[in-house]
Amino acid sequence: GMGAVYEAEQLAPVRRTVAVKVAKVGMTSAEELARFEAERQALARMAHPNIAQVFDAGTTDGGRPYFVMEYVPGGPLTHYCQLHQLSLADKLGLFQ
């Protein structure tokens, strides 16, 4: 909800497909930007096979923060839950 995620191609120093999360347009309050930065920092510190690795971070020319992370193919989690008609307990189990 704090930004949009795009699939992109990193060209250097390694050629690979990545995901880029950019803060929402209009997200300018100190509180909103701090939440985005906290997410970016939390992901960057995690090392787990089921959590996308953060490769880079910065600010766009327009001043919006972003971070670049490992691309994981697949659809939105909400679609998976709907497709498999998961119960609330099953949905919570995905997060465990």
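# Briefing on a predicted β-β-α-β-β-α-α model

Starting at the N terminus, the elements of the protein follow the order β-β-α-β-β-α-α. That makes three helices and four strands, and please keep in mind that this is a predicted model.

**Overall picture**

- The C-alpha trace of the protein spans about 45 × 35 × 25 Å along its principal axes.
- The protein has 96 residues, and 21% of them count as buried.
- The accessible surface of the protein comes to about 7,100 Å², with 55% of that area belonging to carbon and sulfur atoms.
- If you look at contacts between residues at least 6 apart in sequence, 37% of them join residues at least 24 apart.

**Aromatic rings**

- How many aromatic pairs does a search of the whole structure find? The search finds one.
- The partners are Phe36 and Phe67, in a tilted arrangement with 5.6 Å from centre to centre and 50° between the planes.
- Are Phe36 and Phe67 buried or exposed? Both Phe36 and Phe67 are buried.
- Another ring worth a look is that of Phe55: the charged end of Arg16 sits over this ring, 3.7 Å from its centre.

**Backbone details**

- The peptide bond from Ala12 to Pro13 is cis, and its omega is near 0°.
- Pro13 can be found in the loop between strand 1 (3-10) and strand 2 (16-23).
- Gln85 has a positive phi, near 45°, although the residue is not a glycine.
- Where does Gln85 lie? Gln85 is in the loop between helix 2 (77-83) and helix 3 (88-95).
- Gln85 counts as exposed because its relative accessibility is 71%, and the cut-off for exposed is over 50%.

**The loop between strands 1 and 2**

- Arg15 has its place in the loop between strand 1 and strand 2, which is also where Pro13 is found.
- With a relative accessibility of 63%, Arg15 counts as exposed.
- Leaving aside residues up to four places away in sequence, Arg15 touches Glu9 and Gln10.

**The loop between strands 3 and 4**

- Thr60 is placed in the loop between strand 3 (54-59) and strand 4.
- Why does Thr60 count as partly exposed? Its relative accessibility is 27%, and partly exposed covers the range between the buried limit of under 20% and the exposed limit of over 50%.
- Which residues does Thr60 touch, not counting those up to four places away in sequence? Thr60 touches Val22 and Tyr66.
- Thr60 and Val22 are 38 residues apart in sequence, while their C-alpha atoms are 8.4 Å apart in space.

**The segment after helix 3**

- Gln96 sits in the segment after helix 3.
- Gln96 is exposed, and its relative accessible area is 85%.
- For a distance across the model, take Gln96 and Ala19: they are 77 residues apart along the chain, and 24 Å separates their C-alpha atoms.

Key: Residues numbered from 1 in each chain as written. Predicted model: local features only at pLDDT ≥ 70, side-chain atom pairs only at ≥ 80, totals over all residues. Heavy atoms only, no water. Helix = DSSP H or I, 4+ residues; strand = E, 2+ residues; numbered from the N terminus. Buried < 20%, exposed > 50% of the residue type's maximum accessible area, 1.4 Å probe, protein only. Contact = heavy atoms within 4.5 Å. Areas by Shrake-Rupley, 256 points an atom, 1.4 Å probe, with all protein chains shown as cover. Phe/Tyr/Trp six-rings, centres within 6.5 Å; stacked < 30°, edge-to-face > 60°. Lys NZ or Arg CZ within 6 Å of the ring centre and 35° of its normal.
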